[in-house]
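Visitor: I would like to learn how to read a few features of this structure. Could you take me through them in turn?

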Amino acid sequence: MNSLTLSDLKSGRLFIWGKVTRNETENSIKEPQAIPYFFDVPVLQASCGLGFTAILTDKREVYTIGSKSWYLTEAEHEDIDDNKDTLVHWKELSGKEVIQIACGLHFCAALTKSGDVYTWGIGMFGQLGIKEQVVSVYDEFKVPKPTKIENFSNVIYIACGEECMAAITKDKQLYTWGKNLNGMLGHGDEKDIFEPKRVIGAPKDTSQLDDEDDEDEFDQNLEKEEIIHVSCGQSHMACITSRNEIFTWGNNFLGQLGRILQNTKQDFDTYPHLVELVQVGDLVTEENLKQSDEVDFVQVECLKYNTLALTSDGRLFSCGKGGYDGGGSANPHTLLTLVQSLQGKKVKMLSKSNFSTHTGAIVISNDEDHSKGREELWIWGNGEDQKLGVPSLNNNNEDDFNLEESSLLHPRKFPFHVSRDCFYICCGETHSACILKPHPTDKNPNPNLTLDKFEKGETVNTVSRDNKQSKVEEEYSNDDSDLESNDDDYEKEKAVVVKSENTATATPNVSQQQNTTQVEDKSTSSQLLQVKQPTTQESDDDEPISPLPTNAVQVNIEVDDNKDRDHEISLKNQNSTIASSSSNSIKSSSSSSAPKELHGYLSKKGEKGLVKLWRKRFFKLESNDLIYYEKEGGKEKGRIAVSEILDILPSTTQYGFNISTKKSRVYELQATSDQELKYWTTGLKSLIKKH
C-alpha cells in the first residue's frame, strides 16, 4: 500500500493474535481472534505497537486496545492492570476525519484528511515531531494525548519506525524525524531530530561526468525526486520515487539496504542512494541481474532486519537477514532478490511490518476453483510469541518453545478454517492483526463487550488472576537498564514478615506428626509474607505498624534506583526454629540476631540481552506462589511459582548463586558468607524437590 492507495482500503472484521499486551501474566493468542468491541463494527485500518494495537473504524474514529504504558507514566499505570480487551477511544481525534494511523514501538500517529499529523506516546528521541522543550515538560517524555505537529501540514502519508517517523507531503517531498540510529533519517549524520526535516540526500558529485553525460542521470539525491511511498524499519528506511525506483539508507549490517555501499568500510549509509540492481534468480549471474529501471516498484516495506519490495506486476523481492525474508535460506541477501516461492502468483499488498521479524502479504488466488480471484493472506518469518498465528506451528507448552520449528522460511497461505478474503495485514514486534471479510462462522469471544456499552461506560476491563500458572516472575523495563526511578517512596527501607505455619519450611512442635516434609493443601496451610516495616518506623502512609509476631523471620528488602538496580536484602531470625537441611528445610542459626544481607539482580533474557529489574518490590507468599507488589498494600505486579524454578546454580561472584526459571528469567543473588549461602541454596533446593 502506498500513499496513493489509502482511499482503496476496504473495511471488514478485525482479528489479532500473538502477544497483544505488555502484561506478562497474559498468554499469547495462538490463532486469529476477533476483537469483541469491533465484531459488528467495520474496521478500515490497524497498526501494531509493542503490546497495543491502534484501530481506525470506517467512521474515522481512532481507538487503541491492549496496554497503556506506552503513553501513561509509571506513577499512573501498571501493565498488570491491562488485558487484551483494555480499550481507549481517542476522542481528541473525533471529527478530524482521520485517514491513516501508524504505530511505533511506544507511540502512535494519526493523519487527517486536511493533512495534519497528530502524535502521542513516548517522545524522548523526537519521534513525535514535537519540539524538545515541549516534550520534555511531560513526565518520562510521554505525551498522553494526540497532539498536532505544529508548522507541518499538507501531509498525504505517514510511516513509523521503532523510534522515528517519516512523512510525504502533497508536493511529494520526504520528511523524517526522531531517533537517527545509523543515520537512518537520511540527513548525513546521526543526530536525533525533534521536528520534521526534509530529506534531500548527498551533495551532488559531478567531478566524474563527461561533457556528453546527463547530470540528472548521476543525481543520487532526492532533491528533484517525487516520493510516492516510504517505510521505516528499526534502523533503516526506504522510499519509492515517481519513477518507481527505490532509494535506501541507514543500517546495512545484514544487507537490508539491498545494495553495495559506496564506502565499503562502513556498514551503514547516512544518505539515500538508488538501488541499481535486483536479482531475479537464486544465483548471482549476469542473466539474473537486472537494472532497477527495468522493474517498476510500487510498495516497499522495512522490517527489523529486512526490506521487501513489490512490483506493479505483483512480484515480491526481498533482502536482508536470512530466514525472515521469505527466500527459504538462512543466509542474508545483499541484493533485492525475487522470492521464488511466490513466483507465478500476484501479490497485491505487503504487510505494514515496520520493526517486526515476521511479515505477511495479500496474494490474489489463481486456483482454478471457487476461490479464484480471492485476496488471500500469506505469512512467514519469526514465530516467537505465536505471532504467525498458525496453530500447527505453535507448541502448546510455551516453555518448550522452539524458534526454528515455529518459524516459516517460506511464505505460507494462512490456514483459515474457511476460504476468505483478507483486506489488510499489519505486523508488530510481538503480534499481528488483519482485517478480513466477515464470515458466518466467525465467533465473538465475548458478546457482552460491545462498542456501544463501552461508550456508555457499561463495560469494565479487569485482569483475571485465577490462572496462577500464567503468572510470571516480574515486570521488566522495555527500555535500557539505565532508566532512573524518581519515586521518593522507594527510598525507605521495607520489611517483610514471614509467617510459617504447618508447612515444609516450619519445624513442627513435638506433639505434631513427623510427616512435615510434604506440602499440605492450601485450605489447611499457607505461607504468608506480609509487607511490614520495623516497629520503630512508620509506613508510607504514616500509619503505625503492628509489632512483629514472635515466631517470624524478618526480611528487610531495599532496591537502590542506581544503574545496577541491586536488591539489598537482610534477614533477621526472631525466636524461630528452622528445620535442618537433612529434613529438606531451610536452616538458620536461632541465636543469630545480626541481619544477614543479600544483594540480587533479577534479569530477563531477550533479543537485546539481559534486562534488569528496575523497580523495588514487596512480597507475599500464598501457597506456592511468591507475589510481587510495587508498594505496601499496592496492586499485584507479578508472581513466581515454586514449580516454575528450574534450578539453583553457582555464580561467578563470591557467595553468589543463580535461580533460573522456566520463563527464561534469572535471579542472581549474592550472600555475605558461606553460612548464609548454604542457608539459601539448601532451603530453596528442598522446595524445588517438592514440586
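Visitor: In which strand is lysine 142 found?

Guide: This is a predicted model, in which local features need pLDDT of at least 70 and side-chain atom pairs count only at pLDDT 80 or more, while totals for chains, interfaces and linings use all residues. Residues are numbered from 1 along each chain as its sequence is written, and side-chain values use heavy atoms, with hydrogens and water left out. Strands are DSSP runs of E with at least two residues, numbered from the N terminus, and lysine 142 belongs to strand 10, residues 142-148.

Visitor: Is lysine 142 buried or exposed?

Guide: Buried means under 20% relative accessible area, with a 1.4 Å probe and protein chains only; lysine 142, at 8%, is buried.

Visitor: What does the side chain of lysine 142 reach?

Guide: The side chain of lysine 142 reaches the backbone oxygen of serine 69 at 2.7 Å. Contact means heavy atoms within 4.5 Å, and, leaving aside neighbours within four places in sequence, the residues in contact with lysine 142 include Ser69, Trp70 and Gly121.

Visitor: What is the order of the strands in the open sheet of four strands?

Guide: Strands of a sheet pair through backbone hydrogen bonds, either parallel or antiparallel. Here two strands pair if DSSP finds at least two bridges between them, and the open sheet has the order 11-12-13-14 with antiparallel pairing. Strand 11 (155-160) and strand 14 (193-198) stand at the edges, each with a single partner strand, so one side of each has no neighbour in the sheet.

Visitor: How many bridges join strand 13 to strand 14?

Guide: Three bridges join strand 13, residues 174-178, to strand 14 in an antiparallel run, and tyrosine 175 stands opposite arginine 198 in strand 14.

Key:
Buried < 20%, exposed > 50% of the residue type's maximum accessible area, 1.4 Å probe, protein only. Polar contact = N/O pair within 3.5 Å; in protein donor to acceptor, adjacent residues only side chain to side chain.
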